[in-house]
Amino acid sequence: MLAALLLSLATPLDGAEIARWLEGRFDNGAQVQAEGDPARPHLYVIHERFASNAVPGPLIYAQLHVGGPDGRVYRQRVYAFEDTGEDGRLRMGVYTLQDPASLADPDGRAERLAALTAADLVRSDPACDFHWQGDAGVYAGEIEDGTCRIISSRTGRDMIIAARFTIDADAFTHIEAGRFADDGETAFDAPGGVPNIYDRLD
């Protein structure tokens, strides 16, 4: 089914529609309990849709907690849906925040998101953008294989990053992996190469 999804070149995708599907709160607690693997952390994801003059197009604020809803904030990003390429895929740019702590608290976050300026955001390398395909409420977005490279803060070595999201009415999935560019050795991966599967809470 996923292969058919990724090969689907239907009508041009609507970034606003995918953003609506992504919006919500998601938790992988059921997966953690079912697997019983201590290597699989309990993760909780918040996706909030917003609009800002800082970046055009449909936007999602993403906040990842490790340890469940009350766990520490591990990652914060802004996703911006941009344009559809000739191959029918929709590009999603990724931004980091100059002051992520200012958005960690939900109180007043909607107003702070709307007030973001271009100076508050840092555009990640476009080689690490996600490219979305799908139709009828089942969508997948992934980084093109081999294009996204970063320097490991731990080893100083060049890494190639792979990542994929999927979203439907019931669940959000995410997998991210890295391999060293010089020898192909795995730098990190999800347990067993299995994506984190988050149930939709709302």
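The notes go from the cores to the pockets and then to the arginine.

Ground rules. I am working with a predicted model, in which local features need pLDDT of at least 70 and side-chain atom pairs count only at pLDDT 80 or more, while totals for chains, interfaces and linings use all residues. Residues are numbered from 1 along each chain as its sequence is written, and side-chain values use heavy atoms, with hydrogens and water left out.

Cores. I looked up nonpolar cores, meaning sets of buried Ala, Val, Leu, Ile, Met, Phe, Trp, Tyr and Cys residues joined through side-chain atoms within 4.5 Å. Buried is under 20% relative accessible area, exposed over 50%, and partly exposed in between, with a 1.4 Å probe and protein chains only. The largest core holds 29 residues, and Ile18, Leu22, Phe81, Phe130, Trp132 and Phe172 have the most contacts inside it. Strand β10 (residues 158–167) gives the most to this core, 5 residues; strands are DSSP runs of E, at least two residues, and helices runs of H or I, at least four, numbered from the N terminus. Another core of 13 residues lies apart from it, with Phe50, Val55, Leu97 and Leu116 among them.

Pockets. I took a pocket as an open set of points on a 1 Å grid over the protein atoms alone, where a 1.4 Å probe fits, with protein on both sides within 12 Å along at least five of seven lines; lining residues have an atom within 4 Å of a point. Volume is the space filled by probe spheres set on the points, which are joined across faces, edges and corners. The largest pocket has about 570 Å³. Its lining has 27 residues, with Arg75, Arg77, Val94, Phe130 and Glu176 nearest the centre. β10 supplies the largest share of that lining, 4 residues.

The second largest pocket has about 400 Å³. I counted 17 lining residues there, and Pro41, Leu43, Tyr74, Arg75 and Asn196 lie nearest its centre.

Arg40. Is Arg40 buried or exposed? Arg40 counts as buried because its relative accessibility is 3%. I found Arg40 in the loop between α3 (29–35) and β2. Its side chain makes a polar contact (N or O atoms within 3.5 Å, one able to donate a hydrogen and the other to accept it; residues adjacent in sequence count only if both atoms are side-chain atoms) with the side chain of Glu35, at 2.9 Å.
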